[in-house]
Structure formats: C-alpha cells, structure tokens
Amino acid sequence: MEDLKKSLMPLFGNTFSPKKTPPRKSASLSSLHMLDRSTREIELGLEYGPPVMNIGGQSWKFEEGQWIAESGGNTSSKEVQRLKKRNLQLEEENNLLKSKIEVLMDMLTETTVEYHLMEKEIEDMKTQHRRKK
C-alpha cells in the first residue's frame, strides 16, 4: 500500500499550495468622492424629479401622492370631462341604491318583529285555551 501511495504522489503533488492572491488596489481611483455635493449631483446625474411612466402613449407623473396625466397625451379634455360626469352619475346612483337597501332592511326588520309578535300572541292564545279545558 505504501508503494502505491509513493507511486501516485508525484502524479498529484505532495502538498496543497494555492497561489498567493495579489494585494488589493486602493478603494477608489476616482476623485469624485472629494467633490462637493452640488458638483457630484451634476457629474453623477443625481438631479431627479417625480417618477414618470408612459402607459399606452399617455405620460403619467406622480405628484403629491397621485398619478397625474401630463398634457400632450392622446386623451382630450372633452373625454376627461365626459368621464368625470359619468363618474359623478355612477356615484349618485350608488348612493341612491345604498339608501334603498337601507329602507328595505328597515322594512324587513319591522316585518320580522311583527311576525314574531304575532307568533307569540298565537302561542299565548293556545296556552290559554288549553288551560280552560
């Protein structure tokens, strides 16, 4: 066995010796870190405005917590006015339907209470009739 190890060792080498890593270069060769803030913003392009996106040819800008369509899009002011009017109509219809549902629920409650009272009256009459016999 010893002979086998000796015969294989020259093939693989005796010891593990990795190559030495080269020394690191300096952290940054750029002098941008020595510039003042305004110069860095100009050089690195750090001047940015509100987020903007383009969807279906319409450009939108995020301002004050809302996405606002920028002018120059393909949506006309007439279309926007028509949509606002339709939205208002739908809101009014929704409010009317909510009121109707509330009235119906009140009517249902009233009818249910009357039914239970009548049922109780009938039960009372039955018990009185049984007592008389």
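Starting at the N terminus, the elements of this chain follow the pattern α-α-β-β-β-α. You are looking at a predicted model, so keep that in mind as you explore it. In total, the chain holds three helices and three strands. Let's take the sheet and then the chain as a whole.

**The sheet**

- The three strands make an open sheet, arranged in the order E1-E2-E3.
- Pairing in this sheet is antiparallel.
- Two strands sit at the edges: E1, covering residues 52–55, and E3, covering residues 66–69.
- Each of these edge strands pairs on one side only.
- Going from one strand to the next, the twist averages 35°.

**A look at E2 and E3**

- Strand E2 spans residues 58–63.
- E2 and E3 are joined by four bridges, in the antiparallel sense.

- How much of the chain counts as buried? The figure is 1% of its 133 residues.
- Buried here means under 20% relative accessible area.
- The chain exposes about 13,400 Å².

**Contacts along the sequence**

- Consider the contacts between residues at least 6 apart in sequence: 0% of them join residues at least 24 apart.

Technical notes. Residues are numbered from 1 along each chain as its sequence is written. This is a predicted model: local features need pLDDT of at least 70, side-chain atom pairs count only at pLDDT 80 or more; totals for chains, interfaces and linings use all residues. Side-chain values use heavy atoms; hydrogens and water are left out. Two strands pair if DSSP finds at least two bridges between them. Axes are lines fitted to C-alpha atoms, for helices over the stretch in contact, and angles run from 0 to 180 degrees between N-to-C directions. Buried means under 20% relative accessible area, exposed over 50%, partly exposed in between (1.4 Å probe, protein chains only). Contact means heavy atoms within 4.5 Å. Accessible areas come from the Shrake-Rupley method with a 1.4 Å probe; for residues, only the protein chains shown count as cover.
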